[in-house]
Amino acid sequence: MAGEKTGPTAVVPFRQFVLKVHSRCNLACTYCYIYAGPDRSWRARPPTVPAATMRQTALRIAEHARTHRLREVRIDLHGGEPLLTGPGPLLAQAAAVRAALPAGCTAEFGVQTNGTLLTRDMIDTLAAAGFRLGLSLDGGTPGLNRRRIDHAGRPSWPAVSRAVRLLHGRPEVFAGILCTIDITAAPAEVHDSLRALDPPMVDFLLPHANWTSPPPAPLGPAGRTPYGDWLCTAFDLWWDGGPGPRVRVFTEILGLLLGRPSSSEAVGLSPVVALVVDTDGAIEQVDSLKSTYEGAAATGLDVFHHTFDDALAHPGMAARRSGRDGLGAQCRGCALVEVCGGGNYAHRYRADAGGFTNPSVYCADLERLIRHIAARLDATVALN
């Protein structure tokens with residue numbers, strides 16, 4: 001892309017800006033790594049981003065786009081639950097960014113929501129302003145979403161199921177579904193129930209865990225790969241099921257096996273192109289790091305005193321942008337490193353040994369999945 005340097009000192013600018021517009025949530029999901037995790041920084045931050053902070057953030061995005069001659073940027077409005085503000089502030093925030101961007105640079109806007117507050121009027125309003133909406137769900141049935149409850153312990157499914165119905169048949173606004181894996185749920189039930197909702201995209205997310213705080217399901221004896229087995233079953237259902245939603249983790253791995261770069265932090269070695277701006281203007285690394293320890297995502301930078309190029313130079317950002325060189329010896333020597341990429345950065349953490357230079361706590365599961373997908377791909381190519 002124009003504006004980027006090449007060679008050993010290449011600079012890859014940020015292209016995705018995750019803006020926290022509300023730091024509270026109307027749900028109390030039992031596995032939430034933000035509100036039930038080790039990092040409690042959200043408690044000291046404004047519940048809603050002030051207008052002045054949003055204007056300054058818009059100026060910083062425009063500055064970064066101008067410096068690196070970017071033709072497009074992606075703006076994701078997150079929380080907490082971003083729709084707690086109502087649609088008005090979201091429209092104002094989008095307008096502030098669009099007004100600040102230099103000529104020739106466009107912005108794509110998205111909102112990631114739990115769906116409980118969506119109404120037809122809100123969807124129509126956000127769609128008219130060019131927003132796309134992503135839902136967070138654990139499946140397409142009440143039972144699969146039993147962990148997604150409000151602060152009084154009531155299920156969120158009745159409201160979310162209404163939102164899914166409202167988004168059905170609206171490809172211009174429905175971005176897809178993010179689904180955190182529950183190892184106790186049958187992969188066929190999860191896959192089939194989500195497919196029945198007809199989203200354009202689904203992504204299966206490994207629960208945020210690490211060597212110090214292991215995954216919800218015990219990893220068990222050596223060689224046991226519960227998450228890998230779960231994902232392999234889901235992959236076969238998707239691969240053999242005919243036309244349906246794109247499943248991002250699967251298409252990312254298939255693309256990497258075929259030599260394409262990754263566009264996800266979950267796999268691959270492509271440099272990270274996203275940063276977070278919280279409701280107080282703090283510039284942070286991705287939220288998944290908050291699952292490791294208090295302050296792991298912090299940079300000490302903010303939009304009032306620092307540029308996003310300052311964030312590019314931050315050691316934490318640099319570590320997540322250094323590809324193979326940023327991995328530990330075990331990962332660097334692995335035959336699957338170009339595809340796996342060491343897995344999600346947060347999943348490598350171990351407090352008593354090496355910090356983030358370990359393999360992913362899901363290392364064996366990722367190997368199981370990658371080798372399975374490679375075998376299915378090879379068999380398909382051989383048949384044709």
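**Close-up views of a predicted model**

View A. Over five bridges, strand 3 (residues 106-113) pairs with strand 4 (residues 131-136) in the parallel sense. Two strands pair if DSSP finds at least two bridges between them; helices (H or I, at least four residues) and strands (E, at least two) are DSSP runs, numbered from the N terminus. F131 in strand 4 is the bridge partner of F109. The chain goes from strand 3 through helix 3 (residues 120-128) to strand 4 in a right-handed β-α-β crossover. A crossover is right-handed if, with the strands pointing away from the viewer, the path from the first strand over the helix to the second runs clockwise. The model is predicted: local features need pLDDT of at least 70 and side-chain atom pairs count only at pLDDT 80 or more, while totals for chains, interfaces and linings use all residues. Residues are numbered from 1 along each chain as its sequence is written, and side-chain values use heavy atoms, with hydrogens and water left out.

View B. Strand 4 is mostly covered, with five of its six residues buried; buried means under 20% relative accessible area, exposed over 50%, and partly exposed in between (1.4 Å probe, protein chains only). Strand 5 (residues 174-180) runs parallel to strand 4 and is joined to it by four bridges, with L178 of strand 5 opposite S136. Eight of the eleven residues of helix 4 are buried, among them W157, V160 and L167. Their cover includes helix 3, strand 4 and strand 5. Just after helix 4, G169 has a positive phi of about 75 degrees.

View C. Ten strands make an open sheet of mixed pairing, in the order 7-6-5-4-3-2-1-8-9-10. Strand 7 (246-247) and strand 10 (298-302) are the edge strands, each pairing on one side only. Strand 8 (residues 274-277) and strand 9 (residues 282-284) are antiparallel, paired over two bridges, and V277 stands opposite I283 in strand 9. Helix 2 (residues 87-100) packs on the sheet and touches strand 2 (72-78), strand 3 and strand 4, its direction making about 155 degrees with that of strand 3. Contact means heavy atoms within 4.5 Å; axes are lines fitted to C-alpha atoms, for helices over the stretch in contact, and angles run from 0 to 180 degrees between N-to-C directions. Helix 5 (residues 187-196) lies across strand 5 and strand 6 (201-205), at about 155 degrees to strand 6.

View D. Ring pairs link F204, W230, F235, W238, W239 and F250 into a cluster. Rings of Phe, Tyr and Trp (its six-membered ring) pair if their centres lie within 6.5 Å; planes under 30 degrees apart count as stacked, over 60 as edge-to-face and the rest as tilted. The structure holds 15 aromatic pairs. F204 and W230 are edge-to-face, 5.4 Å centre to centre with 80 degrees between the planes. F204 is in strand 6 and W230 in helix 6 (residues 226-240), 26 residues apart; both are buried. F235 and W239 are stacked, because their ring centres are 5.3 Å apart and their planes at 25 degrees. F235 is buried at a relative accessible area of 0%, whereas W239, at 26%, counts as partly exposed.
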